[in-house]
Amino acid sequence: MPPPVPHLPFARLRSSCSDLGRALLERAPQWAHLAPERGESTGDRATTSYRIAPGSFWLQQRWRLVGDDWQERELDVVPGSIVALRFVLDDVAPAEVSRKLDLVPTRAFAKDEAGTRGRGVRAEGLWIHEVLP
C-alpha cells in the first residue's frame with residue numbers, strides 16, 4: 001500500500017520556487033500558506049489541488065510514487081468555473097424559492113434587505129445556488 005500523498009502548504013513544495021509559483025507568490029503571498037483542498041491518487045500517480053477562493057483557478061500539483069516516496073512532477077493551472085442558477089426577486093420571498101426548488105441557496109436576500117456583500121439595502125431580491133466543479 002502506498003504512503004499517503006503529501007499534504008503540504010503550497011510554499012513547502014519545490015514547485016513554489018518555479019517561475020509560475022514564484023510569480024504567483026509575489027502577486028498574492030496568501031497562496032504560500034494554503035494547504036491542498038483536495039487530493040486524488042491512482043496507483044503510482046497522484047494530484048493535490050490548491051485554490052485561494054471559490055471560483056478562482058486551481059493549482060494542481062502532480063506527484064509520482066518512486067519507491068516509497070512521492071516525488072513532485074508538473075504544476076498545472078486549472079481554470080476555475082462556477083455554474084449558478086440565479087433569480088432576481090421582486091416580491092417573492094427567497095424562502096419560497098428554496099421550498100419550491102428544494103434547494104438551499106448559496107446566498108439569498110429579499111427586496112429591501114441588506115445584501116450579503118455589504119452593499120446596503122437592495123431594490124430587488126436575489127436568490128443564487130452555485131455549483132462548483
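Me: Which residue of β2 does T42 stand opposite?

Reply: Strands of a sheet pair through backbone hydrogen bonds, either parallel or antiparallel. Here T42 stands opposite R45 in β2, and β1 (residues 38–42) pairs with β2 in the antiparallel sense over 5 bridges. Strands here are DSSP runs of E with at least two residues, helices are runs of H or I with at least four, and both are numbered from the N terminus; two strands count as paired if DSSP finds at least two bridges between them. The hairpin of β1 and β2 has 2 residues between the strands, and G43 takes a positive phi near 60 degrees there.

Me: What should I know about the source of these values?

Reply: This is a predicted model, in which local features need pLDDT of at least 70 and side-chain atom pairs count only at pLDDT 80 or more, while totals for chains, interfaces and linings use all residues. Residues are numbered from 1 along each chain as its sequence is written, and side-chain values use heavy atoms, with hydrogens and water left out.

Me: How many residues of β2 are buried?

Reply: In a regular strand the side chains alternate between the two faces of the sheet. Strand β2 (residues 45–51) is mostly covered, with 6 of its 7 residues buried, where buried means under 20% relative accessible area, exposed over 50% and partly exposed in between (1.4 Å probe, protein chains only).

Me: What is the strand order in the open sheet of 3 strands?

Reply: The order is β5-β7-β6, with antiparallel pairing. The edge strands, each pairing on one side only, are β5 (83–89) and β6 (107–109). β6 pairs with β7 (residues 125–131) over 3 bridges, and A108 has W127 in β7 as its bridge partner.

Me: Why does T106 count as partly exposed?

Reply: T106 counts as partly exposed because its relative accessibility is 43%. T106 lies in the loop between α2 and β6, and, leaving aside residues up to four places away in sequence, T106 touches I128, H129 and E130, contact meaning heavy atoms within 4.5 Å.
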